[in-house]
Every structure is written in structure tokens, then in C-alpha cells.
Amino acid sequence: AGAGPGGAAAGAGGAAASRAALLSNGAMGGISRALAVTLLCPITTVKTRMEASGAVGSRFVYRSVPHALTHIVANEGLRALWRGLPAALAANAPFSALHYAFYKQLQSAMAPRIGEGTMLNFASGAGASLLATVLTQPFDVMRTRSMLSLSGADVTRGLMVGIGPRLAKRTLQTAAVWSLYEELWRIWQERADAAATSAAAGRRGSS
């Protein structure tokens, strides 16, 4: 016998709720990351240039972060601190949106197989990071090249260069972050619940 109208409606409602949750998670992750990237773009620019300062033929020689900021503004103008912002937003906002959405979906999909806990959080974080990193790698390469002001270079060539190290770093990093976050949240929640229960018991006892 097929599912009745009630079952079909419940299934459609569940699918709609799942899509809404996916979009909501992605939007929250993307918007939060976009705001952070915009505010911190000058520091990211300095970091990128200082990392390249040791390369042979590099034209960036900065003594410190304050020196780099003042040198860039004095010689290239204030806008130079945000030169790589479009590519940075294209790399980071979608990464966070995709990563958070994938993370929640993977958690839901894998929980029945491996159960709740640290292993689920680590696996979900690693899988989400792997997918989001591959999809946003070209924009991250363009961001780096824009911030280094590679004159005459085609910033769209070799956009998958460095994908191996980036996958290794981001996959392990974000998996560890999510595992620690979920574990610390669980501990905090348990203590908050215990404190609330104890307070309620105390009020009942004094009444």
C-alpha cells in the first residue's frame, strides 16, 4: 500500500524544512565570514605580503605589521589594503557558507551510522572542509595574487595550484575546530543544565 496523503504531506514538509535549514546555515556562515573578511582585509594583505617577503626577488620588505600598514598606505594609497577584497570575499564567504551547510548535512547523514560524539564531529568537519576547499580554491589563489600585486601576471592561471597543502591544512584545522567546539559546548551545556536543576531543587526545598 502506498503512503497516504498525511504521510506524503509530512514527507514534503520534512524536505522543505531540510532545504530551509540548509539555506539558513549557509547564509549565516557566509554573511558572518564576509563581514569578518572585510574588516580584517588590511591585516590579511600584510600577512600575505610578509609571508612572501622571504622569496627571492620579493619587493616586499617590512619590519613589522605597523610598518607594513604605514608603508602600503604611503606608497600605494589606503585602497591598496583592500586590493584583494573581491577575491577574498569570493573565496571566504562561499567557503564558510558551503562548509557550515555541508557540516550540518553530513552530521545528520552520518549520525545514524557512527553515533553522536567526537568522531561524528571530526568526520563531518573534515568532509565539509574537503568539499568547500575544492570548490573555492580558485578564488583563494586569485586573492593571494591580488594582494601580492603581481603586475603583469595573469591571476586566473593555475587556479588549482597549492590545492594539496590547502586541503591538508584546512581539512585538519576545521575538523579539529569543530570537534573542540562541539565538545566544549556539550560540557558547558551539561554544567548549565546541572546548575539550573540544582537551583530549581533549592527553590523547591525552601518553599
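**Entry 1: the largest pocket**

I began with the lining of the largest pocket and found that its largest share, 12 residues, comes from α1. I note that this is a predicted model, in which local features need pLDDT of at least 70 and side-chain atom pairs count only at pLDDT 80 or more, while totals for chains, interfaces and linings use all residues. Residues are numbered from 1 along each chain as its sequence is written, and side-chain values use heavy atoms, with hydrogens and water left out.

For pockets I worked on a 1 Å grid over the protein atoms alone, where a pocket is an open set of points at which a 1.4 Å probe fits, with protein on both sides within 12 Å along at least five of seven lines, and where lining residues have an atom within 4 Å of a point. A volume is the space filled by probe spheres set on the points, which are joined across faces, edges and corners. Helices here are DSSP runs (H or I, at least four residues), numbered from the N terminus.

On these terms the largest pocket has a volume of about 970 Å³. Of its 34 lining residues, I found Arg33, Asn92, Asp140, Lys169 and Arg170 to be the closest to the centre. At least two lining residues come from each of α1 (5-52), α3 (85-114), α4 (118-147) and α5 (163-206). Sorted by class, the lining has 15 nonpolar, 11 polar and eight charged residues, where Ala, Val, Leu, Ile, Met, Phe, Trp, Tyr, Cys and Pro count as nonpolar, Asp, Glu, Lys and Arg as charged, and the others, Gly among them, as polar.

**Entry 2: the second largest pocket**

I then turned to the second largest pocket, with a volume of about 190 Å³. Its lining includes Gln107, Leu120, Glu183, Trp185 and Arg186. The helices α3, α4 and α5 each supply at least two of the lining residues, and α5 gives the largest share, four residues. By class I recorded three nonpolar, four polar and four charged residues.

How far apart are the end C-alpha atoms of α4? They are only 37 Å apart although the helix has 30 residues, short of the 44 Å that a straight helix would reach, the expected span being 1.5 Å times one less than the number of residues. Looking along α4, I located a kink of about 55° at Thr136, shortly before Pro138; the bend is the angle between axes fitted to the seven residues ending there and the seven starting there.

**Entry 3: salt bridges**

I counted six salt bridges, taking each as a side-chain nitrogen of Lys or Arg within 4 Å of a carboxyl oxygen of Asp or Glu.

Glu51 pairs with Lys47, with the closest N and O atoms 3.2 Å apart, and the two are separated by about one helical turn because they lie four residues apart in α1. Glu51 is exposed at 58% relative accessible area, whereas Lys47 is partly exposed at 41% (buried means under 20%, exposed over 50%, partly exposed in between, with a 1.4 Å probe and protein chains only).

Within α5, Arg186 and Glu183 are three residues apart, and their salt bridge has its closest N and O atoms at 2.3 Å. Arg186 is partly exposed at 35%, as Glu183 is at 26%. Elsewhere, I noted that shared partners join Arg49, Glu76 and Arg83 into one salt-bridge network, in which Arg83 and Glu76 meet at 2.9 Å, N to O.
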